[in-house]
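I opened the file and kept notes in the order in which I looked things up.

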Amino acid sequence: MKLLVLNGPNLNLLGTREPGIYGSQTFEDYFNNLTQKFSEVALSYKQSNHEGELVTIIQQADGVYDGVVLNAAAYTHTSVAIGDAIKAVGVPVVEVHISNTFAREAFRHNSFISPNAKGVILGFGLQSYDLAIQSFL
């Protein structure tokens, strides 16, 4: 099984960005742990701060990966384009969030990803990614 873990804007700052919400571990360190934990899965990781690049990566994942674990970050709440890209491709996408977005600002309660996703996992810290990967197994 081949899965792509795709992170959106500012998630490259994990480890230093608002550690009270996002923790103190970098995503690269966490991803190394994921690859060891799920050694039977071919995991790839990409991150972009650019909406159009995320759309392109989702489009290119179709037919290459068995699934995408997507944390679109702030674009979750604003990007019709990312939602449309997920709807347009055949690769299943699980939406993840580190924090419980429903316990935060009201604008974070809306997702353009969720209606087109296989499922949504949020609020379990970085373990949200573990749960998303498990959902594909």
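The model is predicted, so I keep to its limits: local features need pLDDT of at least 70, side-chain atom pairs count only at pLDDT 80 or more, and totals for chains, interfaces and linings use all residues. Residues are numbered from 1 along each chain as its sequence is written, and side-chain values use heavy atoms, with hydrogens and water left out.

**Overall layout**

I took helices (H or I, at least four residues) and strands (E, at least two) as DSSP runs, numbered from the N terminus. I found five helices and five strands in the chain. Read from the N terminus, their order is β-α-α-β-α-β-α-β-β-α. The radius of gyration is 14 Å, close to the 14 Å that the globule rule gives for 137 residues, so the chain is as compact as a globular protein of that length. For this I used C-alpha atoms, and the rule is 2.2 Å times the number of residues to the power 0.38. Along the principal axes, the C-alpha atoms fill a box of roughly 40 × 35 × 25 Å.

I noted that 47% of the 137 residues are buried. I counted a contact when heavy atoms are within 4.5 Å. Of the contacts with a separation of 6 or more, 78% join residues 24 or more positions apart.

**Positive phi**

Ala 73 has a phi of about 55 degrees and sits in the loop between strand E3 (67-71) and helix H4 (80-88). With a relative accessibility of 12%, Ala 73 counts as buried. Asn 10 has a phi near 70 degrees, in the loop between strand E1 (2-7) and helix H1 (19-22). Asn 10 is partly exposed, at 35% relative accessible area.

**Helix H2**

I then asked which residues of helix H2 (residues 27-37) are buried. I listed Phe 27, Tyr 30, Phe 31 and Leu 34. Viewed down the axis of H2, the buried residues fall within an arc of 100 degrees, so they line one face of the helix. The arc is that of the directions from the helix axis to the C-beta atoms. I checked what this set packs against and found E1, strand E2 (42-47) and helix H5 (127-136).

**Lys 46 in E2**

I went on to Lys 46, which is in strand E2. Lys 46 is partly exposed, with 35% relative accessibility. Leaving out residues up to four places away in sequence, I found Lys 46 touching Leu 4, Val 5, Leu 6, Asn 7 and Ile 57.

**Ser 128 in H5**

I placed Ser 128 in helix H5. Is Ser 128 buried or exposed? I recorded a relative accessible area of 0%, so Ser 128 is buried. Neighbours within four places in sequence aside, Ser 128 is in contact with Val 96, His 97, Ile 98, Ile 121, Leu 122 and Gly 123.

Key: Buried < 20%, exposed > 50% of the residue type's maximum accessible area, 1.4 Å probe, protein only.
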